[in-house]
Structure formats: C-alpha cells, structure tokens
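Please look through the structure shown here before reading on. The paragraphs that follow go through it one part at a time.

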Amino acid sequence: MRSSGRVAAAIANAEAQTAFPLTAEWTPWGLAAGDVGLALVCGYVDECFPEQGWDAEAHHRLTMAAATLPSLERGSLSASLFEGLGGIAFVAHRLSRGGSRYQRLAKTVDALLLPRAAELVRSLDPRSGRHDVGRFDVISGGAGLGAVLLTQEAWEDEVYRRQTLSSLLCALIQMMDDPDGLSVWYTPPQLLGDEDLVRAYPHGVLNCGLAHGLPGPLALMALALQHGAGEPRLADATARLADLLVNLQVDSGGGWPSMIPLTPDGQLGPSEPSRTAWCYGTPGATRALWLAGRALHRADLCAEATEAMRTALERPVAQQGVDAPTFCHGIAGLLHTTLRFAHDTHEIYFVRQVEDLTEQLLALYDPDSLLGYRDWEPGNRLVDRPGLLSGALGVAAVLLAAGTGTVPAWDRVFLLA
C-alpha cells in the first residue's frame with residue numbers, strides 16, 4: 001500500500017473487475033476508498049512500528065487529500081464520514097498528535113464541514129417526515145458525523161464542534177419521541193433508492209444493520225453518554241433505543257436481520273437472520289447493544305449482547321455469509337468486532353474466537369494477487385480493492401490490531417469503540 005504504482009494498478013483493476021463501478025471509485029478525500037483512509041492506516045502502522053517512516057507516508061497521503069479541498073469549496077461534497085468531509089476531519093485529528101499538527105488543515109476542513117453538518121442535523125427533524133437511512137446512518141449520515149465530532153478536541157473551533165454534536169444528539173433524542181416508537185426510522189419505498197430493494201420491500205423497510213440502520217445511532221448515543229455528554233434525556237433515549245433493538249431479534253436466537261419488511265398496514269413483517277458481519281447482522285448490532293449497556297450500567301444489555309455474539313460466532317462458517325476477507329461485509333470486520341468483545345469482556349471464549357478468525361483470515365492471503373487480499377463480490381467475482389471499507393487496507397489494519405496489541409483507535413469510524 002506504500003507503493004503509489006501498486007495502488008494505482010489496483011484502482012484500475014477494481015474498475016475493470018467490479019460489477020458495481022461506483023464502488024470502485026478512488027477519491028483523495030475518501031475514507032472508504034481514498035487517500036484519507038490510507039493516511040489513517042499508515043498512521044496506525046506508525047503507532048505499531050515507530051521510526052520506520054510510516055508517519056511520513058501518512059503525512060504524504062493526507063497532504064494529497066488536503067490539496068483537493070480548494071476545489072470542493074463550492075462543490076456538493078457532504079459531511080459524510082466515509083465519502084465526504086467527515087473522513088478527512090477525523091483523520092486530521094487522529095494524526096495531529098493532540099492538536100500539535102495540522103491546525104491550518106483543521107481550520108480549512110471546519111469551514112467546509114461544519115455548515116454542512118448543521119444542514120444534516122436540521123434534516124433529522126422528525127417533523128420533516130420519513131428519512132432515507134443516509135440521514136442518520138454511519139456511512140453517510142448523522143451517526144458517522146457524530147463519530148467525527150465526538151473525537152475532535154484541541155482544535156480552534158472545538159466549541160462549535162461541541163455545539164454541533166449537542167444539536168445532533170438532541171435531534172436523535174427527538175426522533176425517539178416518535179409516538180409510534182419505530183416508525184420515524186422506517187424507510188418508505190420511494191426513498192430506498194434501488195429498484196431491487198423496492199421490489200423486495202414494496203411497502204418500505206426498517207434497517208437493522210450497524211452500517212445503515214438503528215444500531216449506528218444507538219452506538220453513537222452510547223459513546224456520547226460514556227464520554228460525558230450532558231444532553232437532557234440522552235440516557236433515557238439511549239435506553240429506549242437499546243430496548244427496541246433487543247426486541248427486533250429474529251425468533252429462536254437467530255440474531256438480527258439485515259432489514260425488516262413493512263406490511264401494507266405499516267407493521268413489521270417476518271424477517272430472516274442476516275450474514276454475520278459488521279455492516280449487517282448480529283456482530284454490528286450486538287456491539288451497539290454492548291456499548292449501550294456499558295454506558296447505561298445495565299448488565300442485562302451487556303449480557304444480551306455477549307450471548308447473541310456467542311450464538312452468531314457458533315454458526316457454521318458456511319452459514320455466516322462472510323466469505324470475503326474485507327472489513328465491511330467480510331471476515332476482517334467480524335474478527336475486529338470479536339477482538340473488541342475479547343478486550344472488553346476478558347472472556348477466554350472470545351479470545352479463542354479471535355485466534356480462530358485470525359487463522360481463517362490469514363488462510364485467505366494470496367501472495368500472487370496484487371495486494372495480498374481481494375474483495376469478493378456475488379458470483380465469486382474477485383476485485384483488487386485497495387480501500388479501507390471493502391479492500392485490502394482494512395484487512396491490514398485488522399491484522400495489525402490482532403497481532404500487535406496497539407490500541408486501534410481508528411475503529412471509532414466503525415463505531416465499535
């Protein structure tokens with residue numbers, strides 16, 4: 001990943017190999033697939049192996065991303081964490097060494113990000129009607145933005161950031177005031193944005209994945225509570241959302257579905273268990289539930305989360321649906337979520353699962369491939385993705401976390417800690 005030529009070759013390969021061309025786009029400001037994500041991981045490698053030049057590589061990649069900012073001033077780039085300005089704000093802070101570096105960059109990013117963040121917060125007003133998940137989720141919406149704002153400190157505009165975070169949390173609290181409980185989180189068919197989804201869910205859907213659904217806002221609210229956020233009713237709203245999530249499990253210990261269809265009369269219909277991944281399924285949902293239990297000092301929620309995670313890990317590998325080695329929907333994401341459970345619970349069961357999943361991930365290493373690991377798309381299509389979210393970069397970060405013991409603070413972008 002240090003080689004610009006190899007990264008460029010992987011980008012070209014991915015564009016030719018993928019069945020989803022838009023997902024193969026590499027952008028300098030991108031956290032999911034761009035120089036910002038590469039800078040974040042290079043910074044982590046520097047923490048693991050100081051004095052080997054990785055900080056200089058992280059600086060180089062962040063500088064490449066920063067060079068594009070003037071062209072974005074009048075553009076439509078959003079506050080999105082993974083595909084917008086949120087990512088570069090997060091990474092600039094992570095690499096700033098307590099605010100001692102990148103002050104000018106931070107000021108430039110703030111000038112672009114914070115007005116867009118305020119617009120996103122206003123869009124969450126429950127009185128505006130139903131939302132698409134991109135308003136409140138981790139990848140594009142409020143939960144991801146909150147991860148950025150929660151992490152910022154020692155910047156010139158720290159007060160403004162805190163005010164924006166407070167407004168965001170208040171908006172999520174107001175969404176919990178919906179008299180119908182869950183309906184404000186429903187996505188109507190006209191906002192699904194995909195013809196296949198509309199055919200599958202003609203009456204709308206409730207998204208249960210950490211990447212795009214209810215667990216994202218729950219994880220953010222729990223982390224904010226843990227960090228001492230003082231918004232009135234935050235604890236109550238977090239508790240109610242956690243209890244709602246518990247009740248959305250598939251019967252008979254099946255864990256959480258990806259999405260729950262709505263019936264013609266607006267009720268929740270039957271659902272099936274999801275893959276065992278970070279983005280969708282039990283691992284992401286249980287991690288949000290664990291964070292809520294810890295923040296609320298509720299042992300019942302923590303116990304519910306750990307038991308559901310054990311059940312998910314005990315599914316036969318063939319039924320887990322995570323054949324890809326990558327983070328978002330693959331083994332790396334499952335491994336890293338399990339690693340966090342092992343760290344927090346100190347249970348030998350999770351430690352052994354980390355060992356097993358690490359071996360499973362290492363077994364997929366392909367020395368003859370361009371980057372060592374490829375993403376897997378439906379139909380056994382192999383794609384040389386170099387990015388963090390669905391590429392070899394995310395695999396590298398997870399293997400470092402599992403193999404070095406260096407605290408992976410980068411995983412705040414996935415709302416895992």
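In this predicted model, helix α4, residues 85–94, packs against helix α5, residues 103–123, at an angle of about 145°. The axes of α4 and α5 are 10 Å apart, and the crossing of these helices is left-handed. On the α4 side, the contact is made by L85, G86, I88, A89 and A92. On the α5 side, the residues are L105, V109, L112, L113 and R116. Sorted by class, the contact of α4 with α5 has eight nonpolar residues, one polar and one charged.

The cysteines come next. How many disulfides does the count come to? The count is zero. A disulfide needs two cysteine sulfur atoms within 2.5 Å. For C42, the nearest cysteine sulfur is that of C48, 12 Å away, so C42 is in no disulfide. For C48, the nearest cysteine sulfur is in turn that of C42, again at 12 Å, and C48 is in no disulfide either. C42 counts as buried because its relative accessibility is 3%, and C48 counts as buried at 14%; the cut-off for buried is under 20%.

The last stop is helix α10, residues 234–246, which contains T238. Is T238 buried or exposed? T238 counts as buried, because its relative accessibility is 0%. Leaving aside neighbours within four places in sequence, T238 is in contact with L218, M221, A222, L225, A292 and L296.

Notes: Residues are numbered from 1 along each chain as its sequence is written. This is a predicted model: local features need pLDDT of at least 70, side-chain atom pairs count only at pLDDT 80 or more; totals for chains, interfaces and linings use all residues. Side-chain values use heavy atoms; hydrogens and water are left out. Axes are lines fitted to C-alpha atoms, for helices over the stretch in contact, and angles run from 0 to 180 degrees between N-to-C directions. Helices (H or I, at least four residues) and strands (E, at least two) are DSSP runs, numbered from the N terminus. A crossing is left-handed if the near helix is turned anticlockwise from the far one by less than a right angle, and right-handed if clockwise. Contact means heavy atoms within 4.5 Å. Ala, Val, Leu, Ile, Met, Phe, Trp, Tyr, Cys and Pro count as nonpolar, Asp, Glu, Lys and Arg as charged, and the others, Gly among them, as polar. Buried means under 20% relative accessible area, exposed over 50%, partly exposed in between (1.4 Å probe, protein chains only).
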